[in-house]
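Student: Before we discuss any assignment, could you show me the model and then take me through the terms one at a time?

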Amino acid sequence: MKLVKPSQLDRSNPGTWPIYYQILVWVVVAGLVWFLYNRFFREELIQTQSDNSSEIIRLQGDYRTLYQFSLDLPLYKDKKNELTDKLYSLLEFLPAETEMPNLIDETYKAAYESEINFSEFKPETSIVKQYYDIEPISLSTNTNFVNFAHFVESIGELPRILNVRRFDIGIASQNVDQLKISSDLETYIYNQDISKLVGETEGGKR
């Protein structure tokens, strides 16, 4: 086979070139096309495919989570109703703000029945907490221990919570047979909007 020099090729008519030159040209063209495809198209396609695969995996995870939530939703609703009813039942032991005068009257009544006369009985400033307000009441009296113990027992039986927080005892200067007792009582007022906190629930108390 006679080799033809590149300078002898008819550039206007590549079809007349020897086969080995045509193959070389096609290899160069194919390589150039492959390079351009990888450089400008394939990398973008691979990145898009990777992004799509990541999104598919994320969506599959979200679907599994939401599907499990849908299965557990009835249980969550039942538990929410249970906790809501429990909250309402516990709040029955706390006075509303409008019930404070009545609670003070009941405390006075318990003191009267225990033969106690207060030298001081004063509601103090409310102490605001996150979910409730503390309503303190300071009191002092000269009485014997049995009467005061009966008084504490009586307020413990009230339908609303009234705790004895502080308890100081000394000998009364006017009568050594009596004790000088000062104490702080506390009750609590729930300060949240229950309808906003727990929402409307089926079967719950209103």
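Tutor: Let us begin with burial: buried means under 20% relative accessible area and exposed over 50%, with partly exposed in between, using a 1.4 Å probe and protein chains only. This is a predicted model, in which local features need pLDDT of at least 70 and side-chain atom pairs count only at pLDDT 80 or more, while totals for chains, interfaces and linings use all residues. Residues are numbered from 1 along each chain as its sequence is written, and side-chain values use heavy atoms, with hydrogens and water left out.

Student: How many helices and strands are there in the protein chain?

Tutor: The protein chain has four helices and five strands, where helices (H or I, at least four residues) and strands (E, at least two) are DSSP runs numbered from the N terminus. Read from the N terminus, their order is α-α-β-β-β-α-β-β-α.

Student: Which residues of H2 are buried, and what makes them line one face of the helix?

Tutor: The buried residues in H2 are Met100, Leu103, Ile104, Thr107, Ala110 and Ala111. Seen down the axis of H2, they fall within an arc of 115°, so they line one face of the helix; the arc is that of the directions from the helix axis to the C-beta atoms. An α-helix has 3.6 residues a turn, so residues three or four places apart point the same way. The face turned away from the buried side of H2 carries Lys109 and Tyr112, which are exposed, while the cover over the buried residues of H2 includes E1, E3, H3 and E5.

Student: How do you know that the span of H3 agrees with its number of residues?

Tutor: The expected span of a helix is 1.5 Å times one less than its number of residues. For the 12 residues of H3 (residues 145-156) that should give 16 Å, and the end C-alpha atoms are 16 Å apart, which agrees. Asn144 caps the N-terminal end of H3, with a side-chain oxygen 3.2 Å from the backbone nitrogen of Val146.

Student: Which residues of H3 are buried, and which are exposed?

Tutor: Asn147, Phe148, Phe151, Ser154 and Ile155 are the buried residues of H3. Seen down the axis of H3, these buried residues also fall within an arc of 115°, so they line one face of the helix. On the other side of H3, Val146 and Gly156 are exposed.

Student: Why is Glu115 called exposed?

Tutor: Glu115 has 63% relative accessibility, and therefore counts as exposed. Glu115 lies in the loop between H2 and E1, and has a positive phi of about 60° although it is not a glycine.

Student: Why is Asp184 called buried, and what does its side chain make a polar contact with?

Tutor: The relative accessible area of Asp184 is 12%, so Asp184 is buried; its place is in strand E5. The side chain of Asp184 makes a polar contact with the side chain of Arg166 at 2.9 Å, a polar contact being a pair of N or O atoms within 3.5 Å, where within protein one must be able to donate a hydrogen and the other to accept it, and residues adjacent in sequence count only if both atoms are side-chain atoms. Leaving aside neighbours within four places in sequence, Asp184 is in contact (heavy atoms within 4.5 Å) with residues including Ile137, Ser138 and Asn163.
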